[in-house]
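Student: I have a structure to go through. Can we take it step by step?

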Protein chains: 2
Amino acid sequence: MKKPRGRVTLPSEQNFLNETKELMERWGADAIRDSDGTKLDDEIKKLEAKIYTTYFVARGHNDFAAEHMDECQQLYLMSEFNTATAEMLEIDLMKGYFTEQVRPDYLHDPKKYWEVVDRTSGEVVNTADWEVDKETNRVVIAKAVPWHEYTVSFLVYMIWDPTQMYNHITNNWGDKPHEIPFDVRQPHANQYMSSYLKQWLKDNPDTDVVRFTTLFYHFTLVFNNHGKEKFVDWFGYGASVSAAALDAFENEKGYRLRPEDFVDQGYYNSSFRVPTPAYLDYIDFVQHFVAEEAKKLVDLVHESGKEAMMFLGDNWIGTEPYGKYFASIGLDAVVGSVGSGATLRMIADIPDVRYTEGRFLPYFFPDTFYEGNNPVIEANQNWLTARRAILRNPVDRIGYGGYLSLAYKFPEFVSYIEKVTDEFRDIYDKIKGVKPYCGLKVAILNAWGKLRTWQTHMVAHALWYKQIYSYLGVLEALSGAPVDVCFLSFDDVMNDGVPEDVDVIINAGDAGTAFSGGEYWANETLVATIRAWIHNGGGFIGVGEPSAYQYQGHYFQLANVLGVDKELGFSLSTDKYFVTPVNEHFIAADLTRFDFGESMKNIYALSEETEIIEYSDGEVHLSSHSFGAGRAVYIAGLPYSEENTRLLMRALYYAAHKESEFHQWHASNMYCEVHAYPTIKKMAIVNNSMAEQTTLVYDGDGYSRKVTLEPSEIRWEDFSDER
Amino acid sequence: MKKPRGRVTLPSEQNFLNETKELMERWGADAIRDSDGTKLDDEIKKLEAKIYTTYFVARGHNDFAAEHMDECQQLYLMSEFNTATAEMLEIDLMKGYFTEQVRPDYLHDPKKYWEVVDRTSGEVVNTADWEVDKETNRVVIAKAVPWHEYTVSFLVYMIWDPTQMYNHITNNWGDKPHEIPFDVRQPHANQYMSSYLKQWLKDNPDTDVVRFTTLFYHFTLVFNNHGKEKFVDWFGYGASVSAAALDAFENEKGYRLRPEDFVDQGYYNSSFRVPTPAYLDYIDFVQHFVAEEAKKLVDLVHESGKEAMMFLGDNWIGTEPYGKYFASIGLDAVVGSVGSGATLRMIADIPDVRYTEGRFLPYFFPDTFYEGNNPVIEANQNWLTARRAILRNPVDRIGYGGYLSLAYKFPEFVSYIEKVTDEFRDIYDKIKGVKPYCGLKVAILNAWGKLRTWQTHMVAHALWYKQIYSYLGVLEALSGAPVDVCFLSFDDVMNDGVPEDVDVIINAGDAGTAFSGGEYWANETLVATIRAWIHNGGGFIGVGEPSAYQYQGHYFQLANVLGVDKELGFSLSTDKYFVTPVNEHFIAADLTRFDFGESMKNIYALSEETEIIEYSDGEVHLSSHSFGAGRAVYIAGLPYSEENTRLLMRALYYAAHKESEFHQWHASNMYCEVHAYPTIKKMAIVNNSMAEQTTLVYDGDGYSRKVTLEPSEIRWEDFSDER
């Protein structure tokens with residue numbers, strides 16, 4: 001049997017030809033890429049493989065950029081909060097910022113583009129009452145109200161690309177030039193990006209795939225005066241703004257944005273903020289522009305006979321793959337980093353591209369590949385979490401990054417990846433394009449909806465934060481679960497109602513955030529629509545502070561649906577009698593312990609009709625409640641684990657009144673899962689753990705038999721094998 | 001030496017003469033009281049002691065009340081929340097209420113006095129769109145908006161006094177008549193209360209002290225359909241309302257109150273709610289009325305040559321001893337129950353009475369006095385917590401309640417109380433009227449200020465709630481500490497600034513509550529005044545969620561003063577570098593462990609200028625920060641304990657920049673305290689624990705020596721004894 005090949009991308013480097021060939025053979029790679037800072041030898045480019053070449057559009061062209069500093073990218077920044085101790089107040093704009101990254105924009109009139117805000121009264125200070133001292137980068141307010149706090153929102157030029165800066169500082173690149181990011185909205189820059197690409201395409205005949213890293217605007221990444229990260233928002237539009245953009249926006253949308261629309265009290269429109277209509281307009285404006293300009297580049301790539309691939313990160317702002325202009329760009333492929341099942345689905349589910357590629361972990365870097373460490377463990381964990389998601393919807397390719405020579409020194413790792421790549425191709429060949437069995441359809445409801453598909457509660461891409469892990473578990477559990485998942489915004493529900501095929505809505509998040517919904521929950525259309533839908537048989541799961549907004553006697557606006565509310569102190573005078581958990585409950589049937597992560601305090605049941613499933617420390621953490629023909633479940637928090645995946649799955653089936661279907665295509669053992677593909681009559685029984693597992697496996701009719709699986713095993717069976 | 005006597009009140013009962021005499025002698029009692037349901041024999045009344053007789057003004061007169069049911073007391077109640085599933089919605093008013101306690105008032109036109117509220121839109125439903133069905137106690141809404149929630153706010157008559165009801169139900173009093181509370185605002189009732197008292201005073205010549213239990217309006221206490229407590233608010237004005245009161249209010253204040261001003265979305269103006277101007281007006285209106293009417297009764301008592309004493313509880317609404325009309329009532333005394341140091345100070349600090357009396361624990365009831373239990377333990381604990389407060393400001397008398405015959409069966413208890421009463425008299429004789437040494441003046445800042453002196457964060461009198469104990473520790477610690485304490489409202493600060501002699505302001509509470517302040521913190525006058533005061537050298541301590549109100553880029557509006565804020569999710573994108581606690585700090589110097597009680601999540605330091613004192617689980621729980629010449633301290637929660645008392649004391653001295661004075665009149669051992677009385681040159685060194693303690697005792701100049709104290713010991717020394 002011929003060794004299978006394809007769907008795998010290798011990084012390579014100089015002076016590594018023979019080993020590259022060997023690894024290509026063993027891993028079945030059919031594409032080779034360079035990495036940031038590495039180049040491929042010509043011999044490698046001649047191998048029988050597609051060649052990916054990293055391409056930077058808006059940085060790495062300092063010859064051009066240095067001559068057009070007025071076309072540099074810009075940012076709106078907010079100064080620190082400054083308390084006036086007298087009528088005269090001087091504000092040091094750059095305090096806490098990194099002068100090597102940003103410098104105030106004095107080319108555009110500060111009186112037009114800046115704003116001084118009294119953060120105590122909330123009022124904008126009259127431009128006549130303050131002056132700019134350009135020498136010292138200060139704003140002097142003449143008539144401050146003593147003991148009020150003031151901030152200045154000011155435009156800066158970003159004179160150093162933040163990703164290159166990070167690498168530069170981290171790796172001590174010394175006097176290597178700082179890459180200056182330029183703004184393709186500007187005339188010279190716009191012209192330059194096309195002409196340069198045209199020439200580059202001619203100069204790189206061996207390149208098959210242009211790997212855009214990435215397009216125009218970096219996510220917001222600002223450094224502090226010590227050259228360390230100060231602000232990072234993977235979704236942030238901060239670096240897309242400019243005086244020109246503001247003027248163009250006014251032209252297109254018919255009104256002018258304020259600096260405050262960007263600095264947002266210093267929160268800079270983090271995706272945790274309920275987006276304002278102005279910010280949503282601005283996102284639309286930028287996405288539209290980015291798509292139009294990106295299409296021009298993609299067209300040039302296509303004209304040269306090459307493919308256009310986009311890296312999902314760095315300068316990806318405006319290209320959101322689930323946004324409404326993405327399809328029009330015409331990209332062939334998107335590649336992104338896979339740190340979890342949810343990030344795999346974020347890539348795999350991208351519509352309107354021919355293929356997607358996941359860059360797997362570990363990165364071939366010395367932090368993992370050092371003597372005495374076994375990189376197989378991280379690779380195995382990464383593969384198991386991703387495989388669950390791949391079995392729902394595979395990416396089309398997988399790849400690795402870093403120094404191939406480093407990985408080559410770990411023969412067990414090389415062998416393990418050989419196994420992974422074979423397993424990936426086997427899965428792909430069997431199920432690509434095949435609709436897996438889904439017992440339910442789940443909608444994640446928040447202020448962002450589809451735009452942030454598989455991207456809720458993220459701050460910096462895939463990093464852990466104390467405030468998010470108890471919610472991220474919801475997406476991670478769903479990413480490999482036998483359910484359809486869609487993402488709905490409150491506006492979707494208000495405009496079009498709940499889609500007919502949805503079984504269960506999930507609203508998960510902290511009060512006031514875009515993911516819970518904040519003031520949206522005071523909207524009568526929204527709550528009436530959701531209540532009606534549940535009452536008519538819909539399922540609802542609230543995690544953390546669902547529907548939270550203090551208004552008209554409830555904190556949870558769906559309190560009477562959920563059967564629980566949160567005690568803020570206002571209702572302490574009302575006796576809370578409902579504290580006794582039920583003896584047993586469908587939702588908790590398989591669990592050995594509860595882990596609500598950060599959990600939620602002071603949740604109480606409203607009546608004896610609330611089924612309390614877990615009660616401890618004087619609080620409800622898990623409960624369910626009927627509302628008409630529907631059901632609602634409350635969960636205090638859901639960090640990702642096998643136990644919590646089971647809890648969520650049972651909660652979904654319970655909320656949907658489909659308990660009787662729970663044991664279809666099901667594994668009794670929480671560390672195993674069953675993925676069924678009815679149209680091809682195949683099923684995969686997987687062991688998601690690194691230990692042997694025995695499980696009952698239930699078929700589509702609910703009949704079960706015992707199966708024992710090796711550590712990490714995936715076992716394929718045809719339905720005819722059943723019973 | 002003659003056995004000391006006086007300042008002690010005994011309960012007595014029938015057929016208990018000799019034992020009463022014996023206990024009077026041993027405890028030095030000079031007053032005897034009856035209790036609810038017990039009567040005193042004539043022989044007892046002839047003993048050489050003041051006789052207190054319990055007197056009910058507005059209940060216990062069913063002959064009158066039953067003939068004037070239209071003069072019954074009233075309440076505004078809110079129905080349950082009802083979700084409309086169609087345009088027609090029927091609301092069962094009495095669902096969840098106790099028909100033996102309340103009945104809807106159909107005498108007054110519901111269309112005038114009731115309100116149907118759409119709790120989804122927040123709008124009041126037009127009176128034309130609903131009708132009342134008096135037969136079934138239902139309101140029928142004709143044109144409801146489907147899936148909106150509706151409530152009815154309706155007037156009821158309260159036909160059973162809630163305290164008598166509680167005793168009746170608890171003790172199975174069977175067909176004993178239900179005592180009907182009547183409203184002295186009504187003409188017949190008003191007439192009756194005077195004429196009855198006049199006659200009663202004549203009929204009770206042996207009574208020396210009329211113990212009003214209490215006056216007119218019971219705190220809000222509503223029962224559910226199972227005859228169990230449904231809603232209890234020791235501060236609630238619910239039962240003071242009536243159609244007549246509404247009309248009189250309009251007359252006096254020039255505008256009409258809505259039902260919503262009372263039901264308050266179902267929170268009924270709990271003292272945790274930031275009081276509305278309308279509610280404050282109503283409180284003033286009731287207090288004024290109650291004071292005027294109470295004065296008439298007190299005058300009658302005085303005319304008869306007796307004293308008038310008020311029990312601080314039950315029907316005490318409108319008589320608040322720290323309210324502006326209290327002095328005008330002319331009471332001789334107030335008696336209240338002492339469960340802690342804070343409740344002792346609440347009684348002892350009452351101005352404008354000749355004497356105060358604390359009823360100590362344990363109550364002589366079978367729940368404590370049963371075979372095998374040692375009531376001395378509870379008595380000892382109660383005494384130690386109260387003694388700290390007594391040493392700051394003593395009540396003038398102490399007393400006990402319950403069945404004296406029961407206590408008599410426990411000879412060790414009788415001996416112990418003999419010791420307590422002697423110790424109390426000894427303390428009193430030494431320090432009554434003597435100003436103790438106070439190192440600092442502390443102001444508790446909240447929405448209530450002086451009116452709720454020593455009464456913050458209370459729900460039902462002295463009961464434990466999960467949501468309050470982490471704040472109550474502040475008052476409890478202060479109640480026996482060598483500091484002056486005053487209570488300031490936000491309005492006080494906005495109108496008059498911070499009083500000049502205040503060293504430290506404390507703001508403690510959960511966000512949105514009256515104790516933290518809620519929307520008050522968006523008031524620029526308030527925050528500017530406080531900031532200026534701190535900047536000029538004032539101290540500030542925030543506990544829990546001080547100054548919390550999400551506005552203009554801060555959650556804590558004093559974030560830049562405190563040096564910390566709370567992460568709600570909006571600023572996750574901002575890097576939090578300041579996580580390293582200082583090695584040692586004045587505030588934590590004596591502590592062996594930290595206990596923040598319920599604590600507070602997600603508090604982070606704003607800059608390296610914040611001194612982090614405790615950091616764990618990714619959060620700051622204790623920190624301090626300079627602001628100009630002032631200092632602010634943040635504490636995540638402060639349940640009462642000796643350790644936390646020490647923490648608070650050190651925090652106060654640190655915030656006030658008076659660390660150098662901390663070791664004046666001070667005990668190094670946290671279980672001991674030093675109370676100094678400079679004008680009489682005496683000091684008390686006390687052991688607050690039930691174990692032997694050794695401590696350094698510091699004099700007023702900071703010189704120390706070692707002292708060993710017996711369990712619970714109080715040792716008096718003259719200053720001349722020093723050094």
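This is a predicted model: local features need pLDDT of at least 70, side-chain atom pairs count only at pLDDT 80 or more; totals for chains, interfaces and linings use all residues.

Student: How much area is buried between chain B and chain A?
Tutor: The size of an interface is often given as the accessible area lost when the parts come together. Here 63 residues of chain B are in contact with 63 residues of chain A. Carbon and sulfur atoms give 49% of the buried area. The total between the two chains is about 5600 Å².

Student: Which residues of chain B lose the most area to chain A?
Tutor: Three residues lead on that side. Together they make up 14% of what chain B's side buries. They are B:Trp147, B:Gln552 and B:Phe570.

Student: Which residue of chain A meets B:Lys601 in a salt bridge?
Tutor: Between chain B and chain A the count is eight salt bridges. In one of them, the side chain of B:Lys601 takes part, with N to O at 2.9 Å. Its partner is A:Glu598.

Student: Which element gives the largest share of the side of chain B that touches chain A?
Tutor: There are 37 residue pairs in polar contact between the chains, both residues at pLDDT 80 or more. Several elements of chain B supply at least two residues each to the touching side, including strand 8 (115-118), strand 14 (229-233) and helix 17 (524-535). The largest share is six residues, and it comes from helix 17 of chain B.

Student: Which residue of strand 20 of chain A stands opposite A:Ile444?
Tutor: Strand 20 (residues 483-489) of chain A has six of its seven residues buried. Strand 19 (residues 440-446) of chain A pairs with strand 20 in the parallel sense, over seven bridges. Opposite A:Ile444 stands A:Phe487.

Student: Which strands do the buried residues of helix 5 of chain A pack against?
Tutor: Helix 5 covers residues 162-170 of chain A. Its buried residues are A:Pro162, A:Thr163, A:Gln164, A:Met165 and A:His168. In chain A, they pack against strand 11 (149-158) and strand 13 (220-223).

Note on methods:
Residues are numbered from 1 along each chain as its sequence is written. Chains are lettered from A and ligands numbered from 1 in the order in which they are written. Side-chain values use heavy atoms; hydrogens and water are left out. Contact means heavy atoms within 4.5 Å. Buried area is the accessible area (1.4 Å probe) that two parts lose on being put together, summed over both. A salt bridge is a side-chain nitrogen of Lys or Arg within 4 Å of a carboxyl oxygen of Asp or Glu. A polar contact is a pair of N or O atoms within 3.5 Å; within protein, one must be able to donate a hydrogen and the other to accept it, and residues adjacent in sequence count only if both atoms are side-chain atoms. Helices (H or I, at least four residues) and strands (E, at least two) are DSSP runs, numbered from the N terminus. Buried means under 20% relative accessible area, exposed over 50%, partly exposed in between (1.4 Å probe, protein chains only). Two strands pair if DSSP finds at least two bridges between them.
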